[in-house]
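Please consider the structure shown below.

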Amino acid sequence: MALCHLLVIRPSFFGSPIKAPPPPPSFALSCSKSSSPPPRSIDNGDNSGGPKPKRLSEQSSWEAKDAEGRDYLYRLGQEADNMNIAVGARAGVVDDVFAGDFLGKDSDIVFDYRQKVTRSFDYLQGDYYIAPLFMDKVVCHIVKNYIAHLLNAKVPLILGIWGGKGQGKSFQTELIFQAMGVEPIIMSAGELESERAGEPGKLIRERYRAASQVVQNKGKMSCLMINDIDAGLGRFGNTQMTVNNQIVVGTLMNLSDNPTRVSIGQDWRESDVTKRIPVIFTGNDFSTIYAPLIRDGRMEKFYWQPTHEDIVNIVNRMYEKDGISRKEVVHVVDTFPNQALDFYGALRSRTYDRSILKWVEDNGGIEDLGKKLLKWRKDEKLPVFTPPKQTLEALLESGYSLLKEQQLIMETKLSKEYMKNIDD
C-alpha cells in the first residue's frame, strides 16, 4: 500500500511586513510503497474499476440489476409515470416488505384522491321522467360494452347522442347513471384544449384509466362522458385546427380500436390491461367532427328529438309538486310549440322573480343584502323564502316574456349597426 507523507511549505516574505493576513500554506503529498494489507472490498456485482459502493443489504431486491444493468427502481419509474400514484402498495410490484396485510396486498394508497374526478348525483333529488327510447339506447350501450367479451360481434365503444339544444341529452343521461348506480367521469369540451401540446389527449387517457379503476377497486360501473364535444372538436367556418384537436381525435380513435390497452406515457406491461369502459358523447351537430372518428364501428349515433308526448310527460313531472294539472301542462306546451325542454324549466324559474324581489325588500333591501347572504353565522339561518304559488296564468305570462326576448335577439342584430362593413 502507498504510504503518504504530508509536507507543509510555509511561504517566506521579504521586505516590510504585510498587514494583510498571510495566504494559507500550500500542501504537497509524497507517496511511497508499504506492505500494509489492503482493506477488504465488498462485491456488489459490478466488475468495473474504481471504488465500489456498499450495498444496503445482501438480501434486498431493490439494487438487483437486470441484463442491461438497470435496477428495480429504474424499471419501476419507467413503467409508471409516478410510483406513488400509479403503483401504490401492490404485492409483486413493490418489494414485499412494503406490501403489508393491514391495507391488503393490493392496497391503493391514493385511490380516494383519484375518486374525486368521478361524479355523484346527490343533487338530483325528486322524481324525474326519463323518456323510454332514450333510456333503452343508453342502457343498451353500457351493457353491451360490459359484456363485449361475451358477444360474437363488434361493439362500438362510443355512443354519440346528438340533437337540438336544450333537449335534455346530458340531464337524462345523468338520470340514467343515477338509476343504474353508475359512477361516471364527466368531461366538457373546455378540457379539450390546452396551452401545452398533448395535455388534452393525456387527460382523456387518464380519465379513462381512472374510470377503469372505479370498476376494479370499487366494484361499481363507470363511464366516460364528454359533453358538447362538437364545441371542442367541431370545425365551424374558418376555425383553425390545432395540434391538440388532432391529438384528441387520434386518442379517441385509438381508444375505440384498443379499449383495453391505454397508455399515459409509461412503458407497456403485459399485466397492464385496462377494463373496457363505455364512452358517451353529447353534441348538437356531429357533421362538424372528423369523419373517421364518428364512423360506424367506432361510434354508435343516436339522434334525440323528444316527441310531443315525451315533452308533456317531462314537463308534467317537473310541475307536479306545484299543483299544475296535466291538462294545464298540455295547454302550456301547445301555447309555446317548437321550444326546447329547457324553455319550460326557464319558464318556471321566471315565475320566482317577483317573490325573490319581495324577499329582498322584506330583509332590508339591497343595501344589507351582502350581510344577509354572505356574512351570516353558521348557527344562523337565512330568512324564510316562501315560493310563489304556481298558476297557469303566471306560467303563460313568463312564457310570453321569454318568447319576446328570443325574438329581440333574432331581430335586433346590433353587430350590424356597430360594424356596418360586415357582410350578411
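Contact here means heavy atoms within 4.5 Å. The model is predicted: local features need pLDDT of at least 70, side-chain atom pairs count only at pLDDT 80 or more, and totals for chains, interfaces and linings use all residues. Residues are numbered from 1 along each chain as its sequence is written, and side-chain values use heavy atoms, with hydrogens and water left out.

**Nonpolar cores**
- A nonpolar core is a set of buried Ala, Val, Leu, Ile, Met, Phe, Trp, Tyr and Cys residues joined through side-chain atoms within 4.5 Å; buried means under 20% relative accessible area (1.4 Å probe, protein chains only).
- The largest such core has 48 residues, of which I229, L252 and F281 touch the most other members.
- Residues up to four places away in sequence aside, L252 touches I158, I204, I226, I229, L233, F281 and L293.

**Helix α8**
- Helices are DSSP runs of H or I with at least four residues, strands are runs of E with at least two, and both are numbered from the N terminus.
- The buried residues of α8, among them V248 and L252, pack against β5, α6, β7, α7 and β8.

**Strand β8**
- Five of the five residues of β8 are buried.
- V279, F281 and G283 point one way, and I280 and T282 the other.
- Strands pair if DSSP finds at least two bridges between them; β5 and β8 run parallel, joined by five bridges.
- β7 also pairs with β8 in the parallel sense, over three bridges, and L224 has V279 as its bridge partner in β8.

Notes: Buried < 20%, exposed > 50% of the residue type's maximum accessible area, 1.4 Å probe, protein only.
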